[in-house]
Protein chains: 2
Amino acid sequence: MATYCKFETALEIFVGKWKPVILLRLFSNGTMRFSELQRALPGITKKMLTQQLRELEYHDIIHREVYRQVPPKVEYSITAYGQRMAPLLQTMNDWGMAHLAHLNELYGEAQSTEPVERN
Amino acid sequence: MATYCKFETALEIFVGKWKPVILLRLFSNGTMRFSELQRALPGITKKMLTQQLRELEYHDIIHREVYRQVPPKVEYSITAYGQRMAPLLQTMNDWGMAHLAHLNELYGEAQSTEPVERN
DNA sequence: CGGGATCCTCGTGGATACTG
DNA sequence: CAGTATCCACGAGGATCCCG
């Protein structure tokens, strides 16, 4: 009965429009500065970037290193604990890829992941 | 570079306030009628239940079987393809459980999964 | 440079009523 | 019973300005 009941917890980590991309950048680029992240994520505002980073930091997924200097410098990186969720991300990624292929089989090429809208 | 770039696709399947619980019920209970689902999910409206079910159906995760009779009867179940995502759900569930334990270590007991609010 | 504080928009999801 | 159709509330996320 209790199986699957906590996988929503995992979801809470990833929900948020920018968290997946942020994680992607940090996982592939390693340590990044605030401004680097902002430039790497076209369209994101400072507010959102800050907010999403703080939430990930709270969950011990990323580390925030502040250098006390002028002008300020803050670097973000994946924590050791955060590294341990790489397999999960990989599994989800693999499933996502396979699912896109499955959707292609069902509905043909050039299909988005969303159902077609109808008025 | 392309790694993790499609795990957002996996997320799209689960986002939506009720999809996780719906999947949970269908996975554990097998076939269920519309009204059964509604009763099993306290607080859900027919509109939302219908909408989330349709989206899952589009993705070939669940099957919708309509019995042409009066009064109508519609049964929902996990498709064969849908069954194949059980391992993924299990993996996410396991990670979620472990993560809750990790948060407990960090912040102590009786903590929610969300950062404390401050005014 | 790396934010915080405000205000505002817009889409998700809820409430309610109607229907084949 | 299993929906659909409308209307509406609210909160995530965006725009803008200010600050150490």
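Helices (H or I, at least four residues) and strands (E, at least two) are DSSP runs, numbered from the N terminus. A residue counts as near a molecule or strand if one of its heavy atoms lies within 4 Å of it. With those two ideas in hand, we can look at the structure above.

This is a predicted model, in which local features need pLDDT of at least 70, side-chain atom pairs count only at pLDDT 80 or more, and totals for chains, interfaces and linings use all residues. Residues are numbered from 1 along each chain as its sequence is written, chains are lettered from A and ligands numbered from 1 in the order in which they are written, and side-chain values use heavy atoms, with hydrogens and water left out.

**Around the DNA**

Let's begin with DNA strand C, which is surrounded by 19 residues; the closest are A:Arg54, A:Arg64, A:Tyr76, B:Lys17 and B:Lys47. Of the atoms of DNA strand C that come within 4 Å of the protein, 64% belong to sugar and phosphate. Sorted by class, the surface near DNA strand C holds 8 nonpolar, 3 polar and 8 charged residues. Here Ala, Val, Leu, Ile, Met, Phe, Trp, Tyr, Cys and Pro count as nonpolar, Asp, Glu, Lys and Arg as charged, and the others, Gly among them, as polar.

| Residue and its part | Part of DNA strand C | Distance |
|---|---|---|
| A:Ser35, side-chain N or O atom | phosphate oxygen | 2.8 Å |
| A:Lys46, polar side-chain atom | base nitrogen | 3.4 Å |
| A:Pro72, polar backbone atom | sugar or linking oxygen | 3.2 Å |

Which elements give two or more residues to the surface near DNA strand C? They are helix 3 (34–40), helix 4 (46–58) and strand 3 (73–78) of chain A, together with helix 4 (46–58) of chain B. Helix 4 of chain A gives the most, with 4 residues.

**Loops and a strand**

Now for the backbone. The peptide bond from A:Val70 to A:Pro71 is cis, with omega near 0 degrees, and A:Pro71 sits in the loop between strand 2 (62–67) and strand 3 of chain A. In chain B, a cis peptide bond joins B:Val70 and B:Pro71.

A:Asp60, in the loop between helix 4 and strand 2 of chain A, has a phi near 65 degrees, a positive value in a residue other than glycine. Phi of B:Asp60 is also near 65 degrees. Buried means under 20% relative accessible area, exposed over 50%, and partly exposed in between (1.4 Å probe, protein chains only). B:Asp60 counts as buried because its relative accessibility is 19%.

A:Lys73 belongs to strand 3 of chain A and is partly exposed because its relative accessibility is 22%. Its C-alpha atom is 7.1 Å from that of A:Arg33, a residue 40 places apart from A:Lys73 along the chain. Contact means heavy atoms within 4.5 Å. Leaving aside neighbours within four places in sequence, A:Lys73 is in contact with A:Arg33, A:Glu65, A:Val66 and A:Tyr67.

**Helix 6 of chain A**

Helix 6 of chain A (residues 86–107) has 22 residues and reaches 31 Å from its first C-alpha to its last, close to the 32 Å expected. The expected span is 1.5 Å times one less than the number of residues. Its buried residues include A:Leu88, A:Met92, A:Trp95 and A:His99. An α-helix has 3.6 residues a turn, so residues three or four places apart point the same way. After helix 6 of chain A comes A:Gly108, with a positive phi near 90 degrees.

Note on methods
A polar contact is a pair of N or O atoms within 3.5 Å; within protein, one must be able to donate a hydrogen and the other to accept it, and residues adjacent in sequence count only if both atoms are side-chain atoms.
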